[in-house]
Amino acid sequence: MVKGKITKLSVSDVRFPTSLEQHGSDAMHTDPDYSVAYVVIETEGGLKGYGLTFTLGKGTEIVVCAVQALSSLVIGKDSEEIVNDFRSFYRLLTSDGQMRWLGPEKGVVQLAAAAVLNAVWDLWARAEGKPLWKLLVDMDPEKLISCIDFRYITDALTEKEALDILRKARDGKCKREEHMLKEGYPAYTTSCAWIGYPDEQLKQLCSKALSEGWTRFKVKVGADLNDDIRRCRLLREMIGPDKTLMIDANQRWDVAEAIEWVSRLVEFKPLWIEEPTSPDDILGHAAIAKALAPLGIGVATGEQCHNRVMFKQLLQSQALRFVQIDSCRLGSVNENLAVLLMAEKFQVPVCPHAGGVGLCELVQHLILFDYIAVSGSLENRMCEYVDHLHEHFTNPVVIKNASYMPPKNPGYSTEMKDDSAKRHQFPDGEVWRELRASRRVQ
Ligand SMILES: C[C@H](O)[C@@H](O)CC(=O)C(=O)O
Ligand SMILES: [Mg+2]
């Protein structure tokens, strides 16, 4: 059982110089330095919880500041009381009468809330001696529901409907858990085709991925149509007609432009176009979804969908065919639970976003829970995987046969190696000092 007051909260700015090699690059984020605002909380009994939210380098210090601003709402709180009424604690962090003016429930404050809440979930799972996915799977439906803030979504999903979904999914749960422990959760890879990778690198990474058994691939598009045609052709030829290809534009286009551009890529049979336009444009996504449906291409979005209300509207307006939850963009597990349940109600498959540092580690827990205890289905479902920076975590993801193997250690897989966090601290960690000294960064 988790118990004791939270006595400490520390937060640091940890950055990895991924832009030097164009890892993670896309049409809009051409030089990301995968980074985190990294939170450590501690109870009076000495138990620690680790949390993070993902950023792209510059501005991480602002998220750190927002976490510091939230810390007075956390320090001194009793951890048992928090998890006994997690909904209220979620509200406290996201609806503070003064802080909410900075959001509400969006942007930097929501990222900060996610980092803090992720640390609390990690603490809870550690205290129970279970990996987070198992903590969720074993939890009573009533208790799970008590973690969710239903404000603003009851027109789409009531508490009663959510409870019914969870109760119904009890059937076959044990079998599905066994299945996951044996086979893992199916994944796709984005690591072969970041937009800044030259064709040679793309080819080499794709043939390595094929030899490792990957069958689903995502390519970055949206900067230049001729490049997209060339890169999609290259990948499709390498993977053959039967393997799955997805494309991701990271919000590059206007609505009409998206429809026109994607129509030019139809011969490569992409399963989905991801983030074709502004993440806030719900009706725009709906228009694109409608126009592309006859071509067999679905719309996927979510990595910058900042809260459950946006997901609700995307679902209500049939604007997406794949829900891409993000463990650090939404308000932690609490808000992700709401979205998983809404997706189930609307019968839209969840295919989580994981392109970033730490995102694979976290989101695997949520998708395992989704399969075992909510959707019970693997149809049209897969979780993103990127092959970067796992070595900095104490419990890195384990991939076998292109599937995520369920984590076994207690917690949310959020803890970074001390040495990694220290060396990559921005701006004074050793890695950054050396990069500045050698003039590789300014
Ligand atoms: C900047 C990130 O790497 C982004 O491109 C990730 C992404 O869109 C994805 O993984 O999908
Ligand atoms: Mg994406």
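Predicted model: local features only at pLDDT ≥ 70, side-chain atom pairs only at ≥ 80, totals over all residues.
Reader: At what angle do helix 9 and helix 10 cross?

Author: Their axes cross at roughly 25 degrees and come within 10 Å, helix 10 being residues 225–239. Angles under 35 degrees count as roughly parallel, so helix 9 is roughly parallel to helix 10. The crossing is right-handed. Helix 9 contributes Asp-199, Leu-202, Lys-203, Cys-206, Ser-207 and Leu-210 to the contact, while helix 10 contributes Arg-231, Leu-234, Leu-235, Met-238 and Ile-239. By class, this contact has seven nonpolar, one polar and three charged residues.

Reader: How do helix 11 and helix 12 pack?

Author: Helix 11 (residues 255–263) and helix 12 (residues 282–292) pack at about 25 degrees, with axes 9 Å apart. That angle makes helix 11 roughly parallel to helix 12, and their crossing is right-handed. Val-255, Ala-258, Ile-259 and Val-262 of helix 11 meet Gly-284, Ala-287, Ile-288, Ala-291 and Leu-292 of helix 12. Of these contact residues, eight are nonpolar, one is polar and none is charged.

Reader: Which residues are closest to ligand 1?

Author: Among the 13 residues surrounding ligand 1, the closest are Gly-24, Asp-26, His-29, Pro-32 and Gly-355. The shell comprises two nonpolar, seven polar and four charged residues.

Note on methods
Residues numbered from 1 in each chain as written. Chains lettered and ligands numbered in written order. Near = placed C-beta within 6 Å. Nonpolar A, V, L, I, M, F, W, Y, C, P; charged D, E, K, R; others polar. Axes fitted to C-alpha atoms, helices over the stretch in contact; angles between N-to-C directions. Helix = DSSP H or I, 4+ residues; strand = E, 2+ residues; numbered from the N terminus. Parallel < 35°, antiparallel > 145°, perpendicular 65-115°, else oblique. Left-handed = near helix turned anticlockwise from the far one by under 90°. Contact = placed C-beta atoms within 7 Å.
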